[in-house]
Amino acid sequence: MMSTAVPTRTRDPRTILNALEARVPHLVADIGAADLWEREVRLLLRDSVVVRSLAERILGQGIAYVVTAMENPGTDMGVGYTVDIGVHQLILDTPLYFALCDAHNGGRYKHHAPLVERRRDGVVARTAELIRANGFAVDEELWEADASDCSPCDDKVPDSH
């Protein structure tokens, strides 16, 4: 009996990031990085992560989260501390973040409006499942590390994550 199942396509964060190159005309390229992915990994290594493989994992999950948030407006989402490092890296590189907004949020800026108090209501685990449903591989270890300690954004800020 032949299977009629359609293979699941997994979205690649590196490919998504590198596809933005034409949308980032004002990128600071002083570090000699081969592509946007390498640039962001190097920035993570410079500022907050000491192991390259971990920086790549954190960046990949940060991209998966941001893209999923943009493609699912109004959805209650949140990340733990570890993945939030990757999210913040994307937001801090403003030309790149604007390009992400242009490509995945209909050209509108997606606000980042963090609340001070963390949530402990399971939203991190639900977010990981939403990311998986949006076609991304979920790095279980990174999501489970902070699953009970979400860094949420204020849902009163229009189009925020």
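**Figure 1. Gly106 and helix α5.** Gly106 follows α5 and has a positive phi, near 60°. The model is predicted, so local features need pLDDT of at least 70 and side-chain atom pairs count only at pLDDT 80 or more, while totals for chains, interfaces and linings use all residues. Numbering starts from 1 along each chain as its sequence is written, and side-chain values use heavy atoms, with hydrogens and water left out. Helices (H or I, at least four residues) and strands (E, at least two) are DSSP runs, numbered from the N terminus. In α5, the buried residues are Leu96, Tyr97, Ala99, Leu100, Cys101 and His104. Buried means under 20% relative accessible area, exposed over 50%, and partly exposed in between (1.4 Å probe, protein chains only). The cover over these α5 residues includes α1, α2, α3 and α4. Contact throughout these legends means heavy atoms within 4.5 Å.

**Figure 2. The whole chain.** The chain has seven helices and two strands. Read from the N terminus, the order is α-α-α-β-α-α-α-α-β. There are 161 residues, and 45% of them are buried. Among contacts with a separation of 6 or more, 71% join residues 24 or more positions apart.

**Figure 3. Helix α3 against helix α5.** Helix α3 covers residues 52–71, and helix α5 covers residues 94–104. Their axes lie 9 Å apart, and the packing angle is about 40°. Axes are lines fitted to C-alpha atoms, for helices over the stretch in contact, and angles run from 0 to 180 degrees between N-to-C directions. The two helices are therefore oblique to each other. Angles under 35 degrees count as roughly parallel, over 145 as roughly antiparallel, 65 to 115 as roughly perpendicular, and the rest as oblique. The crossing of α3 past α5 is right-handed. That term applies if the near helix is turned clockwise from the far one by less than a right angle; anticlockwise is left-handed. From α3 come Val66, Val67, Met70 and Glu71; they meet Tyr97, Leu100, Cys101 and His104 of α5. By class, this contact of α3 with α5 holds six nonpolar residues, one polar and one charged. Ala, Val, Leu, Ile, Met, Phe, Trp, Tyr, Cys and Pro count as nonpolar, Asp, Glu, Lys and Arg as charged, and the others, Gly among them, as polar.

**Figure 4. Helix α3 against helix α4.** Here the axes come within 7 Å and cross at roughly 75°. α3 and α4 are therefore roughly perpendicular to each other. α3 contributes Ile58, Leu59, Gln61, Gly62, Ile63, Tyr65 and Val66, while α4 contributes Thr82, Val83, Ile85, Gly86, Val87 and Leu90. The contact of α3 with α4 has nine nonpolar residues, four polar and no charged.

**Figure 5. Helix α3 against helix α6.** The axes of α3 and α6 are 10 Å apart, at an angle of about 80°. This pair is therefore roughly perpendicular too. Ala64, Tyr65 and Thr68 of α3 make the contact with Thr127, Leu130 and Ile131 of α6. In the contact of α3 with α6, four residues are nonpolar, two are polar and none is charged.

**Figure 6. Helix α2 and its cover.** Helix α2 runs over residues 36–47. Its 12 residues should span 16 Å at 1.5 Å a residue, and the end C-alpha atoms are 17 Å apart, which agrees. The expected span is 1.5 Å times one less than the number of residues. Buried in α2 are Leu36, Trp37, Glu38, Arg39, Glu40, Val41, Leu43 and Leu44. What covers them includes α1 (13–18), α3, α4 (81–92) and α5.

**Figure 7. The loop between α6 and α7.** Asp139 sits in the loop between α6 (123–133) and α7 (140–145). Asp139 is buried, with a relative accessible area of 17%. Not counting residues up to four places away in sequence, Asp139 touches Arg57 and Gln61. Its C-alpha atom is 8.7 Å from that of Ala128, 11 residues apart along the chain. Ala137 is also in the loop between α6 and α7. Ala137 is partly exposed, at 48% relative accessible area. Leaving aside neighbours within four places in sequence, Ala137 contacts Thr10 and Gln61. Ala137 and Arg11 are 126 residues apart in sequence, yet 7.4 Å apart C-alpha to C-alpha.

**Figure 8. Ala147 in the loop between α7 and β2.** Ala147 lies between α7 and β2 (150–151). Its relative accessibility is 27%, so Ala147 counts as partly exposed. The C-alpha atoms of Ala147 and Thr82 are separated by 9.9 Å, with the two residues 65 apart along the chain.
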